[in-house]
Amino acid sequence: MKHLDTPEDRKKGLYLRFSVPKLYVVLDAALIRESAFQIAGQLMDAGVRLLQYRAKAAPARETLSTATRLAKLAHDREATFFVNDRPDLAYLAGADGVHVGQDDLSPDQARAIVGPERRVGVSTHNREQFERAVATSADYIAIGPIFSTTSKANPDPVVGTALIRELRSLTTKPIVAIGGIRLERAAEVIQAGADSVAVISDILCAPDPAIQARKFIETLEAAKPVANL
Ligand code: TZP
Ligand code: MG
């Protein structure tokens with residue numbers, strides 16, 4: 001991924017806003033039916049520009065090996081690639097960024113590992129966590145679960161699109177909505193003020209993930225935030 005802001009800019013405190021694609025596909029190892037590389041290639045061919053690798057049960061070396069290959073695949077197509085949970089593996093894999101949750105290293109701790117040039121995203125599940133994330137060096141803030149999900153173990157309570165509307169004005173950082181977002185309800189998430197929609201099951205478990213991703217991209221591109229909701 002080409003960054004418009006250099007590490008020197010970042011050291012001077014000049015952070016350029018991460019321009020997050022409207023569709024963010026999370027490749028969850030538990031739901032990949034065949035090969036992560038094959039599905040990543042098909043999704044990028046369908047127009048997906050932002051991918052994350054999430055492997056909750058895999059040993060670190062295996063995650064690193066898969067993430068390293070996925071990062072190369074993504075960079076060959078000028079797509080952006082994140083690793084879930086582990087800033088050390090994101091750095092070693094040559095990924096563009098890391099996504100951390102509330103039980104992982106904090107965004108600023110992750111930043112200390114991945115450096116000023118790579119991106120850091122953080123998951124939040126309520127207003128207090130969101131306000132804390134705003135004050136960090138995180139490049140984007142995820143909110144969820146927006147709807148009910150079965151892809152996450154012990155998910156936090158569903159927050160609905162209402163939480164996006166409530167928090168939108170607190171930051172200019174991009175907001176990524178996650179959790180139970182199916183194609184039919186993707187537009188309302190953008191209308192509520194999210195910049196991007198992160199999806200696992202409605203794409204990975206679709207009969208044809210590439211066709212489903214294409215439908216998401218078309219739907220999200222057509223959706224516009226609704227003012228003064
Ligand atoms: N964080 C909050 S909900 C969730 C994560 C990782 C799972 C999202 O998966 P799905 O299948 O799109 O609901
Ligand atoms: Mg995590």
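Lys 56 sits in the loop that runs between β2 (50–54) and α3 (60–76), and in this predicted model it counts as exposed, at 53% relative accessibility. Set aside the neighbours within four places in sequence, and Lys 56 is in contact with Asn 84 and Asp 85. Ser 148 is another matter: 92 residues away along the chain, its C-alpha atom is separated from that of Lys 56 by 20 Å.

Which residues are the protein donors of the magnesium ion (ligand 2)? They are Asp 85 and Asp 104, each through OD, at 1.9 to 2.2 Å from the ion. Asp 85 comes from the loop between β3 (80–84) and α4 (87–93), while Asp 104 comes from the loop between β4 (97–100) and α5 (107–114), so the pair ties together parts that are 19 residues apart in sequence. Asp 85 is buried, with a relative accessible area of 16%; Asp 104 is partly exposed, at 27%.

Now for the helices. Take α8 (residues 183–191) and α10 (residues 209–222): they pack at an angle of about 30 degrees, with axes 9 Å apart. That angle makes α8 roughly parallel to α10, and α8 passes α10 in a right-handed crossing. On the α8 side, the contact is made by Leu 183, Ala 186, Ala 187 and Ile 190; α10 brings Gln 212, Lys 215, Phe 216, Thr 219 and Leu 220. By type, the residues of this contact divide into 6 nonpolar, 2 polar and 1 charged.

Ile 39, Gln 42 and Leu 43 of α2 meet Pro 209, Ala 210 and Ala 213 of α10. This contact divides into 5 nonpolar residues, 1 polar and no charged.

Next, α7 (residues 160–167). Its buried residues include Gly 160, Thr 161, Leu 163, Ile 164 and Leu 167. What covers them? The cover includes α6 (127–134), β6 (140–143), β7 (175–178) and α8. Ile 164 turns up again among the contacts of Ala 194, which also touches Ile 175, Ala 177 and Val 189, not counting residues up to four places away in sequence. Ala 194 is found in the loop between α8 and β8 (196–199) and is buried, with a relative accessible area of 6%. Its C-alpha is 9.9 Å from that of Lys 224, a residue 30 places away in sequence.

Most residues other than glycine have a negative phi, and most peptide bonds are trans. Against that background, a cis peptide bond joins Gly 144 and Pro 145, with omega about 0 degrees. Pro 145 has its place in the loop between β6 and α7, and Asn 154 lies in the loop between β6 and α7 too. Asn 154 has a positive phi, near 45 degrees, and counts as exposed at 73% relative accessibility. Glu 78, in the loop between α3 and β3, has a positive phi near 55 degrees and is exposed at 53%.

How values were computed:
Residues numbered from 1 in each chain as written. Chains lettered and ligands numbered in written order. Predicted model: local features only at pLDDT ≥ 70, side-chain atom pairs only at ≥ 80, totals over all residues. Heavy atoms only, no water. Donors = N, O, S within 2.8 Å, 3.2 Å for Na, K, Ca; no water. Helix = DSSP H or I, 4+ residues; strand = E, 2+ residues; numbered from the N terminus. Buried < 20%, exposed > 50% of the residue type's maximum accessible area, 1.4 Å probe, protein only. Axes fitted to C-alpha atoms, helices over the stretch in contact; angles between N-to-C directions. Parallel < 35°, antiparallel > 145°, perpendicular 65-115°, else oblique. Left-handed = near helix turned anticlockwise from the far one by under 90°. Contact = heavy atoms within 4.5 Å. Nonpolar A, V, L, I, M, F, W, Y, C, P; charged D, E, K, R; others polar.
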